[in-house]
Amino acid sequence: MVEENAAAEAVASDVVASLGRCDRELGDFATGVLLDYDFGPDSELYPHLVLSTEREGVQQADIRKTIRMPISPHPLVSNEISIRLILTFTPSSCGVTSSVEAHLDRSMATWGPGSHVLHRRSSEDLRLADALRAAEAHIRDLYDVATFPETLGLSRRG
């Protein structure tokens, strides 16, 4: 029984450490994007970390960094870019999904109002250790699509 508890504690520690690392790395990526492109003078970066139970036996960690670009004095009218990493844990397997989504109240470049997926990648049916490694790989892969602000008509700073 003591060995089982020690093993469970080690797994929990690995998961929490990995989630913390992913949150920090996704934040570093989003901050870099915000600094590299001109999102406007009042733009801000909002972090989110939501741990939830979606269905029976399904746990999720939703790590999200949102760049909000106010476009009106009305506080609910803005364009937002969400950079997300979702880890899903079931009793039989794990999954990782990364995405970049634009939620637009007003058009940007060729994108009209509404929600648009600019990038999405999924890895499914993984063991826990593989899912934690895949999460970090998903974040590294976001650097390959880091020019997504240009598709929204935003220009690089300096």
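**The pocket and its strands**

Mentor: Start with the volume: the largest pocket has about 150 Å³. A pocket here is an open set of points on a 1 Å grid over the protein atoms alone, where a 1.4 Å probe fits, with protein on both sides within 12 Å along at least five of seven lines. Its volume is the space filled by probe spheres set on the points, which are joined across faces, edges and corners. Keep in mind that this is a predicted model: local features need pLDDT of at least 70, side-chain atom pairs count only at pLDDT 80 or more, and totals for chains, interfaces and linings use all residues. Residues are numbered from 1 along each chain as its sequence is written, and side-chain values use heavy atoms, with hydrogens and water left out.

Now the lining, meaning residues with an atom within 4 Å of a point. It includes Gln-60, Ile-86, Thr-88, Cys-94, Val-96 and Asp-125. By class, three lining residues are nonpolar, seven polar and two charged. Here Ala, Val, Leu, Ile, Met, Phe, Trp, Tyr, Cys and Pro count as nonpolar, Asp, Glu, Lys and Arg as charged, and the others, Gly among them, as polar.

Which strands each supply at least two lining residues? Strand 3 (78–89), strand 4 (94–104) and strand 5 (114–126) do. Strands are DSSP runs of E, at least two residues long, numbered from the N terminus. Strand 4 gives the most to the lining, with four residues.

Strands pair if DSSP finds at least two bridges between them.

Go through the pairs. Strand 1 and strand 2 (residues 58–70) share eleven bridges. There, Val-50 faces Asp-62 of strand 2. Twelve bridges link strand 2 to strand 3, and Met-69 stands opposite Asn-79 in strand 3. Ten bridges hold strand 3 and strand 4 in antiparallel pairing. Leu-87 has Val-96 in strand 4 as its bridge partner. A hairpin of four residues joins strand 3 to strand 4.

Strand 3 is largely enclosed by the rest of the structure, because eleven of its twelve residues are buried. Buried means under 20% relative accessible area, exposed over 50% and partly exposed in between, with a 1.4 Å probe and protein chains only.

Back to Cys-94 in the lining. Its relative accessibility is 8%, which makes it buried. Its sulfur lies 13 Å from the closest cysteine sulfur, in Cys-22, too far for a bond. A disulfide is a pair of cysteine sulfur atoms within 2.5 Å, and the structure holds zero of them. Cys-22 is also buried, at 1%.

Asp-125 sits in strand 5. It is exposed at 67%. Its phi is positive, about 55°, although it is not a glycine. Ala-109 also has a positive phi, of about 50°, without being a glycine. Ala-109 lies in the loop between strand 4 and strand 5 and is exposed at 54%.
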